[in-house]
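Please work through each task before reading its solution.

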Amino acid sequence: MTTPWEQSQRQADEQHDPGLGTIMSERRQLLNLAYRMLGSLADAEDVVQETYTRWYAMSRAEQKAVESPGAWLTKVASRICLNLLGSARSRRETYVGEWIPEPLPDPAEWIAGASGCAGVDPADRITLDESVTMAFLVVFESMTPAERVAFVLHDVFRYPFAEVAEIVGRSPAACRQLASSARRRIAAARAEASPDAARQASVVRQFKAAWEAQDIEALLRLLDPGATAISDGGGRAIAHLLPIEGAEQIAHLYLTIARFAPPRTILERTVNGLPGLVVESEGRIETVFAFEVAEDDRIMHIWAVRNPDKLRPWQL
């Protein structure tokens, strides 16, 4: 997040370093790329910071020798992401319960959080499109690090395979195969999904009404018989540690939550570019729900993020 003081400091720095504005203009691109690769805003911010640290660790002569600073920054950020993805599985083994990608609000709803700012610098926002929906990010989690990086760089950010090959450390032909494999994974996982936001909004609104009314029959009508519900508390908040499978099991779970949870407010919000829900209690967002809705307007997947470390952009 960028404070007014940091903005004024950046302006002062630009007077001493005329190229700073050009370099910093890449920040949003880097943040968008890193978030898609890692599924974590906090990790993406760390990657961007480390990328700029490496840039400014070079001498002025070394910086001037870089033909395309933007391409250099992208290459470095992508390699850092690749390294992080390689170690992610071992880190996830110690994670308490299920790991869900970090959810993001709509840019218009983005909250400043701990920084206390009234707004957020556009460079600190993620552009929301199909490649950041929760369903997309969850499929990314099933890919190898090389597949994920190759797909994001080529299919999302349109980098040619020759440039992807330099980053991944494989031949252009191998990177083409990696991206193709990633594409097949996405197609298989999303064959029955409906990306229509208006239809999803209607289904999510009906789910909210049925949940608040504790109407089990309405919930069962809205849930696909093979639906799955996953909750991520990270050991920091109460959450079911294993996926809940089947419409009846999910409906009964949510009825139990409705009956015994403390007073709270359920709000319709945009989650990673699609209609979702948030639960607010005592002025704080304690749960963010993302959904995947099938072509027959039934809910196939529910992802509930409760880990407070992942809800930073949502807090008032």
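This is a predicted model: local features need pLDDT of at least 70, side-chain atom pairs count only at pLDDT 80 or more; totals for chains, interfaces and linings use all residues.

Residues are numbered from 1 along each chain as its sequence is written, and side-chain values use heavy atoms, with hydrogens and water left out.

**Exercise 1.** State the secondary structure of the protein and its share of buried residues.

Solution. Step one: the protein has 13 helices and 6 strands; helices (H or I, at least four residues) and strands (E, at least two) are DSSP runs, numbered from the N terminus. Step two: of the 316 residues, 48% are buried. Buried means under 20% relative accessible area, exposed over 50% and partly exposed in between (1.4 Å probe, protein chains only).

**Exercise 2.** Identify the residues with the most contacts inside the largest nonpolar core.

Solution. Step one: a nonpolar core is a set of buried Ala, Val, Leu, Ile, Met, Phe, Trp, Tyr and Cys residues joined through side-chain atoms within 4.5 Å. Step two: the largest one has 52 residues, and Tyr-35, Met-37, Phe-140, Val-149 and Leu-153 have the most contacts inside it. Step three: helices that each supply at least two residues of this core include α7 (134-141), α8 (145-156) and α10 (172-189). Step four: apart from this core lies another, of 26 residues, among them Leu-222 and Val-293.

**Exercise 3.** Determine which residues of α10 are buried and why they lie on the same side.

Solution. Step one: the buried residues of α10 are Cys-175, Leu-178, Ala-179, Ser-181, Ala-182 and Ile-186. Step two: these residues lie on the same side of α10 because they cover an arc of only 155° around the axis, the arc being that of the directions from the helix axis to the C-beta atoms. Step three: Gln-177, Arg-184 and Ala-188 are exposed on the other side of α10.

**Exercise 4.** Classify the ring pair of Phe-140 and Phe-151.

Solution. Step one: rings of Phe, Tyr and Trp (its six-membered ring) pair if their centres lie within 6.5 Å; planes under 30 degrees apart count as stacked, over 60 as edge-to-face and the rest as tilted. Step two: the whole structure contains 10 aromatic pairs. Step three: the centres of the Phe-140 and Phe-151 rings are 5.7 Å apart and the planes are at 65°, so the pair is edge-to-face. Step four: Phe-140 lies in helix α7 and Phe-151 in helix α8, so the pair ties together parts that are 11 residues apart in sequence. Step five: both Phe-140 and Phe-151 are buried.
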